[in-house]
Amino acid sequence: MYKSEKLANNLRLLIENGTWKANEKLPSLRHQAEQSGLSLITVMNAYQELEAQGLIYSKEKSGYFVVAQELSNNEQNQNVTLNPKIEINSTVFQYLKSIQPDHLIPFGTAFPNSQLLYSPKLIQTLGQLARHRLSYEQTPSLPPGHFALRKLIAQRYCMQGIQTDPSDIVITSGGLDALNLSLQAMTKTGDYILLQQTIFYGAWQAAERLGLKVITIPTHPEHGIDLNAFEQAIQKYPIKVCLLMLNCHNPIGFTVKDEIKFQLAKLLHQHEIHLIEDDVYEELYYDQKKPLSMKYFDQQNLVLHCSSFSKTLGAGFRIGWVYAGKFSEHIQHIQLMSTLSVNPFIQNALVEYLSHRHYEKHLKNLRVSLQRSKKQFYQYLKENLPMGCEVEYYPAGYFLWIELPVYIDSTHIYQALLDRNISIAPSILFNANFAKQNNFLRINCSFDFNDRIESALSHVVECIYNAINNNHLR
Ligand SMILES: Cc1ncc(COP(=O)(O)O)c(C=O)c1O
């Protein structure tokens with residue numbers, strides 16, 4: 001046994017027999033090294049091992065502390081997972097490169113069918129503005145972004161009953177930039193953040209980039225978010241900020257009900273924890289009413305709401321925003337040192353476009369098209385997937401999340417389909433804990449359900465059949 005393992009075992013005993021109490025500070029690394037005669041690195045390895053086991057947690061510049069035992073012994077608490085070191089970026093990078101080629105049927109892409117985006121009216125506006133030099137030469141391009149655009153976005157919040165001032169909004173280079181800037185403003189290296197176990201890979205990448213420790217909670221089969229696990233996680237770990245998707249979740253597709261959002265807001269308030277809400281699919285609902293964001297329930301200014309025009313007008317424009325409230329200034333400072341300005345010409349065109357209500361008309365058509373395609377994809381898959389596969393229909397967005405039998409690794413399906421010039425998104429992209437749940441895949445169903453698409457879907461189904469049959473033959 002390594003010396004560090006031996007030390008970790010001794011320390012674990014002290015925690016388990018109550019010698020060290022909940023939230024008590026452990027001896028510093030240096031002190032422990034002196035006491036035990038071990039090297040600093042051995043002690044550090046032992047502490048990190050205990051941290052990975054969920055027995056102790058670290059606080060920046062303060063040291064290591066004992067996790068509340070009654071919680072770590074609690075059966076339910078096994079739902080709360082610590083993912084101390086995130087390494088997902090290379091996987092995502094290789095994946096995104098692999099699905100670039102034009103000849104692939106892009107079921108793996110995160111963007112809607114481009115035929116449905118890039119509204120002709122907006123393109124026309126861009127053309128008109130391009131002829132006037134002033135439209136790009138004289139538009140202010142420093143953070144927080146074009147005032148008129150922020151005002152129009154603020155009005156959209158107000159329409160949902162969320163009192164908003166343009167100064168609350170910072171325009172960003174897409175939703176991903178909004179998430180990254182917000183997370184950077186709220187955390188330091190080594191801080192704990194809370195994510196859903198399955199979530200958009202951009203959230204995992206942001207955590208990796210900033211050197212954060214990630215606590216995850218599972219998806220609740222009925223409510224989307226598991227409030228019990230959430231409460232346990234925030235009691236057990238010193239969570240600095242949560243990053244969650246509650247509307248039209250990517251990749252799963254669910255939208256959390258208002259009652260649950262209300263409860264979540266209460267917990268955030270009680271524990272004074274901030275939430276970064278990723279809401280880039282907020283406009284792609286099929287019901288009569290737009291789902292509320294957590295901002296609606298946020299009386300204490302704890303929520304930073306991130307969104308963009310990427311999923312409705314086109315990711316190529318790279319325009320997003322964060323409702324940053326009191327964090328606006330801090331975020332602008334970081335922006336000034338990184339992405340600086342957001343394309344002033346596109347901001348100007350959006351102001352023109354949004355001011356004339358073209359957007360509402362475009363959104364209506366977009367929702368109708370997405371709903372039609374998603375239903376057709378769903379129907380096809382429901383009828384043709386092998387037994388043991390599940391697919392749930394949620395009335396929003398354009399993703400279907402398919403559950404395969406647990407013994408199937410969706411990465412193999414993805415590789416087999418690439419050979420047939422079809423991309424899909426395997427679950428390895430959405431869950432940095434690779435040991436868990438590799439048996440899911442996401443399909444983008446924003447495409448017109450024509451013969452070519454139907455034939456590609458039949459290949460997806462065939463590859464799944466093959467994987468299941470091969471497994472039975474082993
Ligand atoms: C859930 C989620 N958040 C954020 C983004 C990033 O959006 P944008 O293209 O606006 O940066 C995406 C893009 O796929 C996404 O799916």
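1. Lys 295 touches Ile 162, Glu 277, Asn 301, Val 303, His 305 and Tyr 323, leaving aside residues up to four places away in sequence. Touching, or contact, means heavy atoms within 4.5 Å.

2. This is a predicted model: local features need pLDDT of at least 70, side-chain atom pairs count only at pLDDT 80 or more, and totals for chains, interfaces and linings use all residues. Residues are numbered from 1 along each chain as its sequence is written, and side-chain values use heavy atoms, with hydrogens and water left out.

3. Where does Lys 295 lie? It sits in the loop between β11 (274–278) and β12 (303–308). Strands (E, at least two residues) and helices (H or I, at least four) are DSSP runs, numbered from the N terminus.

4. Lys 295 is buried, with a relative accessible area of 5%. Buried means under 20% relative accessible area (1.4 Å probe, protein chains only). The side chains of Lys 295 and Asp 298 are joined by a polar contact of 2.8 Å. A polar contact is a pair of N or O atoms within 3.5 Å; within protein, one must be able to donate a hydrogen and the other to accept it, and residues adjacent in sequence count only if both atoms are side-chain atoms.

5. Now the ligand. One of its nitrogen atoms is 2.7 Å from an N or O atom in the side chain of Asp 278. A ligand oxygen atom is 2.7 Å from an N or O atom in the side chain of Asn 250.

6. Helix α9 (residues 174–186) gives the largest share of the shell around the ligand, three residues.

Terms used: Buried means under 20% relative accessible area, exposed over 50%, partly exposed in between (1.4 Å probe, protein chains only).
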